[in-house]
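Please examine the sequence and the model together before reading on. The explanation begins at the ligand and then turns to the open spaces.

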Amino acid sequence: MPSKKALVRRPSPRLAEGLVTHIERERVDADLAVEQWEAYVAALRTHGWDTIEVDPADDCPDSVFVEDTVVMYKNVALIARPGAESRRAETAGVEEAVAGLGCSVNWIWEPATLDGGDVLKIGDTVFVGRGGRTNAAGVQQLRAAFEPLGARVVAVPVSKVLHLKSAVTALPDGTVIGHIPKMDAPSLFARFLPVPEEAGAHVVLLGGDKLLMAASAPKTAELFADLGYKPVVVDINEFEKLEACVTCLSVRLRELYV
Ligand SMILES: NC(=O)NCCC[C@H](N)C(=O)O
């Protein structure tokens, strides 16, 4: 049976010191952030995901954004090398967790940098954002890791947002969704649906027609409901203050046979 496991990582007590690059810093309420994180994890569990907590990395303010530390393709866990130096210590605990789950482990090596938030998989097509966090060597190493396994890696320029998935994700049928003002090259995506809000570009596929979305994208939730999907809405505004979105808070392991 394909797995329905998801990695998550409890917020660091230093969360409020997390990086901000494209937005103004706002005060983060650490207690509220923990409540929001717990509700996010509960939403995954309610929809059938077995959540696995990676050991916390309390000294790493951004460690809750576990998506950036590893990219899954089939049963291979490619350990990222975050573009921000302050985030590099996050990967050790994640490596331990995926190895413990029986994944084959591979690594992005210096001088390459790659953040998991830059990688969007749609079937065997793997889009990778080349931007502030992922460099050209990171794109090359991603290709070298996954193309022999059957992936087609497509590089996408990203300059207006932190990560590729800050601008685009995809619906269950593979339609790419994005907020055009935040995209460099919308024409790269063959089947594309523009959404009216920046946060509307972020969905986590929970299975079937259920889409996990942020409360900050009500118009897009309405649009998706009208298209026959079922939005499952969580408030993650304390994390949004740190330039994060719903995708960043988990890594789904969908192709482990356990
Ligand atoms: N995948 C993501 O979009 N991750 C968000 C990371 C936010 C964090 N403050 C950072 O700048 O690295």
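Predicted model: local features only at pLDDT ≥ 70, side-chain atom pairs only at ≥ 80, totals over all residues.

Residues are numbered from 1 along each chain as its sequence is written, and side-chain values use heavy atoms, with hydrogens and water left out.

Around the ligand there are 14 residues, and Leu19, Asp62, Asp68, Arg133 and Cys248 come nearest; a residue counts as near if one of its heavy atoms lies within 4 Å. By class, this shell has 6 nonpolar, 2 polar and 6 charged residues. Asp68 places a polar side-chain atom 2.8 Å from a nitrogen atom of the ligand. A polar side-chain atom of Arg133 lies 2.8 Å from an oxygen atom of the ligand. At Leu242, a polar backbone atom is 2.9 Å from a nitrogen atom of the ligand. Taken alone, the ligand exposes 340 Å², and the protein buries 100% of that (areas by the Shrake-Rupley method with a 1.4 Å probe).

Where is open space found? A pocket is an open set of points on a 1 Å grid over the protein atoms alone, where a 1.4 Å probe fits, with protein on both sides within 12 Å along at least five of seven lines; lining residues have an atom within 4 Å of a point. The largest pocket is lined by 29 residues, of which Leu120, Lys121, Lys165, Arg252 and Arg254 lie nearest its centre. Its lining divides into 15 nonpolar, 6 polar and 8 charged residues.

How values were computed: Polar contact = N/O pair within 3.5 Å; in protein donor to acceptor, adjacent residues only side chain to side chain. Nonpolar A, V, L, I, M, F, W, Y, C, P; charged D, E, K, R; others polar.
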